[in-house]
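Please consult the sequence and the structure shown here.

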Amino acid sequence: MVGTKGEEVRQLNDPRGVCTDYYRDIYVADCGNHRVSIFSEDLKFVKIIGTSRLKYPQDVKVIPNSIVVLDRSEYCVHFFSRDGDMIKSIITQGRSGVIYHPLFFCLDPAGNILITDWVDSDAKIFSPVGEVLHMLRKDGQGKWEFVSPCG
């Protein structure tokens, strides 16, 4: 059965982010199993990726030619080919761009990466090569202020 708790290829353990692609395949950031699990739209197992590279995948997105995964404990965004081969990793930790507890991310059309940080109560925008472009940071409850952003 798909989606039952466990470590087998058709099972999930602490699933986090989920998305679909153009073909309606379903991608699940399977945090507890340290991988991304992929299923067809009729919930048949397709494949897993990242088992040798991912520690705690938190979120996943599919863009043309790439599967993009936010790894919470590695402070990285990993890019995989559609076949599951590693293309590149962007480390989101640095003097002005530390991400303490990344939860979710999105990519803009230029390839920039916006990541929310639950612990630091902010969001940061990184270039496609990992440079910090902007920090949206304001801890509070007023207009334009964040308190533990989650999405």
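How many residues lie between β7 and β8 in their hairpin, and which residue in the turn has a positive phi? Five residues separate the two strands, and glycine 84 in the turn has a positive phi of about 100°.

## Basis of the model

The model is predicted: local features need pLDDT of at least 70, side-chain atom pairs count only at pLDDT 80 or more, and totals for chains, interfaces and linings use all residues. Residues are numbered from 1 along each chain as its sequence is written, and side-chain values use heavy atoms, with hydrogens and water left out.

## Strand β7 and its neighbours

Strands here are DSSP runs (E, at least two residues), numbered from the N terminus. Two strands are taken to pair if DSSP finds at least two bridges between them. Strand β6 (residues 66-71) runs antiparallel to β7, and five bridges join them. Within this pairing, valine 68 stands opposite phenylalanine 79 of β7. The two strands form a hairpin with four residues between them, and tyrosine 75 in the turn has a positive phi of about 55°.

β7 also pairs with β8, again in the antiparallel sense and over five bridges. Here cysteine 76 stands opposite isoleucine 91 in β8.

## Burial of β7

Strand β7 (residues 76-80) is largely enclosed by the rest of the structure, because five of its five residues are buried (under 20% relative accessible area, with exposed meaning over 50% and partly exposed in between; 1.4 Å probe, protein chains only). Both faces are covered: Cys76, His78 and Phe80 are buried on one side, and Val77 and Phe79 on the other.

## The four-stranded sheet

β1, β2, β3 and β4 form an open antiparallel sheet in the order β1-β2-β3-β4. Its edge strands, β1 (15-20) and β4 (45-49), each pair on one side only. From one strand to the next, the twist averages 20°, with axes fitted as lines to C-alpha atoms and angles running from 0 to 180 degrees between N-to-C directions.

β1 and strand β2 (residues 26-30) run antiparallel and are joined by four bridges. Cysteine 19 has tyrosine 27 in β2 as its bridge partner.

## Tyrosine 100

Tyrosine 100 lies in the loop between β8 (86-91) and β9 (102-107). Its relative accessibility is 48%, so tyrosine 100 counts as partly exposed.
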